[in-house]
Amino acid sequence: MNRIELPNKIATEVKNLTFDFASLLAASETISTKVVTAAVYSGTDASPSSIISGSATSSGTVVTQLITGGTLGVIYELTCTITTSASQTLVLVGYMAVIPKVP
């Protein structure tokens, strides 16, 4: 498991998050399957998976996931898991805080 930096999210934003696996894949290796999951790292949210909107997509070495909503003050742990054409299972994890709108 490798950790990546994710930007904070304003509660009302709907945004795409990206997970780049370029440094973990061999030259000809491709992404076969991908899934992004959400859990609470800090704070309280009874249904953290509700911030995930739709299915993850991929292009080349990058997986993209649409994120929506979230509970103000909660830090979410977002885990992107892929399987590759070489039968590897690779994981990137990032932490995203939901913050108030800055005036």
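Quick caveat before I go on. This is a predicted model, so local features need pLDDT of at least 70 and side-chain atom pairs count only at pLDDT 80 or more, while totals for chains, interfaces and linings use all residues. Residues are numbered from 1 along each chain as its sequence is written, and side-chain values use heavy atoms, with hydrogens and water left out.

Back to T84, then: is this residue buried or exposed? T84 has 5% relative accessibility, so it counts as buried. The cut-offs are under 20% relative accessible area for buried, over 50% for exposed and partly exposed in between, using a 1.4 Å probe and protein chains only. Leaving out residues up to four places away in sequence, T84 touches L25, E29, T30, S32 and L90. Contact here means heavy atoms within 4.5 Å.

Now, who pairs with β7? Two strands pair if DSSP finds at least two bridges between them. On one hand there's β4, antiparallel to β7 and joined to it by 10 bridges; in that pairing V35 stands opposite T81. Then there's β8, also antiparallel, with 9 bridges to β7. There, I75 faces A97 in β8. β7 and β8 make a hairpin with 4 residues between them, and S87 in the turn has a positive phi of about 65 degrees.

Next, the open sheet. It has 3 strands, in the order β3-β6-β5, with antiparallel pairing. β3 (14-20) and β5 (52-59) are at the edges with a single partner strand each, so one side of each has no neighbour in the sheet. The twist from one strand to the next averages 20 degrees, with axes being lines fitted to C-alpha atoms and angles running from 0 to 180 degrees between N-to-C directions. Between β5 and β6 (residues 62-68) there are 5 bridges, and I52 stands opposite I67 in β6.

Last stop, the core. A nonpolar core is a set of buried Ala, Val, Leu, Ile, Met, Phe, Trp, Tyr and Cys residues joined through side-chain atoms within 4.5 Å. The largest one has 22 residues, and F19, F21, V63, L78 and M96 touch the most other members. Elements giving two or more residues to this core are β3, β4 (31-42), β5, β6, β7 (75-84) and β8 (89-99).

And what does M96 contact, apart from its neighbours within four places in sequence? Among its contacts are L6, L17, I51, I67, I75 and L78.
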